[in-house]
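Subject: Structure for your review

Dear colleague,

Please find below the structure that I am handing over to you.

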Amino acid sequence: MKLESPMESSAAAEELMEMETKPLLTKVLSYPPAAAASTSQRRRAKSSPRPSRQNSFSRDIGHAAKETYLVTSLSFTLLQYLGVGYRWITRLLALYCYAMLLMPGFLQVAYVYYFSSQVQRSIVYGDQPRNRLDLYLPKNTDGKKPVVVFVTGGAWIIGYKAWGSLLGLQLAERNIIVACVDYRNFPQGTISDMVEDASRGISYICNNIADYGGDPDRIYLMGQSAGAHISSCALLEQAIKESKKEEISWSVSQIKAYFGLSGGYNLFNLVDHFDSRGLYRSIFLSIMEGEESFHRFSPEVRVQDPANKDAVSILPPITLFHGTADYSIPSDASKIFVDVLQRVGAQADLVLYDGKTHTDLFLQDPLRGGKDDLFDQLVAVIHANDKEALEQDAVAPPRRRLVPEILLKLAGNISPF
């Protein structure tokens with residue numbers, strides 16, 4: 001069965017979306033060949049789009065409306081395959097209530113997202129549907145800033161660049177540029193498309209971030225949930241290409257560190273777990289292009305392959321963060337991956353947060369304001385060799401509360417994640 005849409009993407013009218021005709025549940029896709037530049041020299045990709053900024057609020061609204069239509073249409077298409085059973089009805093109702101409880105914070109973030117001149121939305125980084133990213137820029141424009149490339153989560157189905165707006169705005173307050181990369185979701189794309197998109201987004205930042213005041217030698221890669229899986233796949237794939245002297249458009253050496261938040265890194269261990277939580281095995285296999293692709297898209301498995309020893313040796317320092325009360329992706333996923341990385345000689349650390357759920361670290365805690373251990377640890381690593389930045393961090397005002405505590409607790413209790 002195939003899904004088609006008439007919308008096409010173009011640099012001149014970046015609001016229009018192209019929906020590729022793709023097999024959904026009965027066929028898998030092959031991983032497309034990558035294009036790039038040499039390993040010995042980083043160079044700007046010839047086809048990289050120039051920096052692009054929407055110039056009017058009406059155009060912003062039109063773009064948001066069309067992307068909302070895209071996400072909605074994909075969601076309804078997916079529901080045709082999931083079926084409308086009791087489990088999904090209850091989860092959708094829980095998700096709706098969860099979002100309503102946190103709406104006071106979401107509305108404040110959305111206002112800044114659409115009206116702040118520090119947010120540059122929907123910069124085109126490639127020629128595929130949803131090849132766009134948002135940039136969150138600090139007010140202080142003096143000197144080159146460190147950069148975080150962030151790949152959002154969303155169960156490989158509802159990921160969207162705006163999900164990273166809270167993190168982007170808060171890190172920008174500490175003079176850190178954040179690039180939130182959008183990518184094709186299922187059923188518009190499958191895992192190879194997602195990894196390819198993430199890699200293209202990283203490439204754009206590596207080759208163009210200097211134009212926005214960023215330091216191309218201080219780039220950090222981060223992913224959350226499904227985004228942690230996708231970004232780790234992209235990083236390892238790039239390291240393998242680089243170790244084999246293949247042509248590339250960005251270098252692993254440009255990534256100072258990798259941060260994985262609440263991610264899963266071994267598909268063999270996750271397929272049955274997700275099936276029990278409602279992401280049914282048939283859907284998961286379609287997203288991941290069949291069980292025969294599990295090895296390729298399981299970084300935990302792939303780093304243990306002796307053929308990838310040289311690739312492992314050039315990986316940047318890796319830190320994985322996970323809550324011990326995470327039932328969407330158990331914290332063992334990060335524990336085991338760190339153990340494997342350390343065993344094969346990579347530099348890897350694990351930070352566990354006792355009693356934290358899948359959404360606590362990424363949503364409830366940041367919306368709560370005040371002190372946030374995860375945020376402070378990220379900033380400390382990024383500013384580790386910048387004495388002036390560390391001094392400014394020490395006197396930075398506490399982050400503002402965006403949602404009353406009672407609503408946060410209720411949202412935590414009703415969260416479907």
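The notes below concern salt bridges and a surface patch.

Please bear in mind that this is a predicted model.

Salt bridges

The count of salt bridges comes to 22. One of them is formed by Arg368 and Glu405, whose closest N and O atoms are 2.9 Å apart. This pair links distant parts of the chain, since Arg368 belongs to helix H12 (residues 360-368) and Glu405 to helix H15 (residues 405-414), 37 residues apart. Arg368 is partly exposed, with a relative accessible area of 24%, and Glu405 is likewise partly exposed, at 26%.

Glu405 also meets the side chain of Arg401 in a salt bridge, at 3.1 Å from N to O. Arg401 counts as partly exposed, with 38% relative accessibility.

A further salt bridge joins Asp372 and Arg399, with the closest N and O atoms 3.0 Å apart. Asp372 lies in the loop between H12 and helix H13 (373-382), and Arg399 in the loop between helix H14 (387-394) and H15, so this pair ties together parts that are 27 residues apart in sequence. Both Asp372 and Arg399 are buried.

Elsewhere, salt bridges with shared partners connect Asp127, Arg184, Asp193, Glu196, Asp197 and Arg200 in one network.

Surface patch

Leu92, Leu95 and Phe417 make a nonpolar surface patch of about 230 Å². Of these residues, Leu92 is placed in helix H2 (residues 86-101) and is partly exposed, with a relative accessible area of 42%.

Yours sincerely

Note on methods:
Residues numbered from 1 in each chain as written. Predicted model: local features only at pLDDT ≥ 70, side-chain atom pairs only at ≥ 80, totals over all residues. Heavy atoms only, no water. Patch = residues over 30% accessible without salt bridge, like charges linked within 9 Å, V, L, I, M, F, W, Y side chains within 5 Å. Areas by Shrake-Rupley, 256 points an atom, 1.4 Å probe, with all protein chains shown as cover. Salt bridge = Lys/Arg side-chain N within 4 Å of Asp/Glu carboxyl O. Helix = DSSP H or I, 4+ residues; strand = E, 2+ residues; numbered from the N terminus. Buried < 20%, exposed > 50% of the residue type's maximum accessible area, 1.4 Å probe, protein only.
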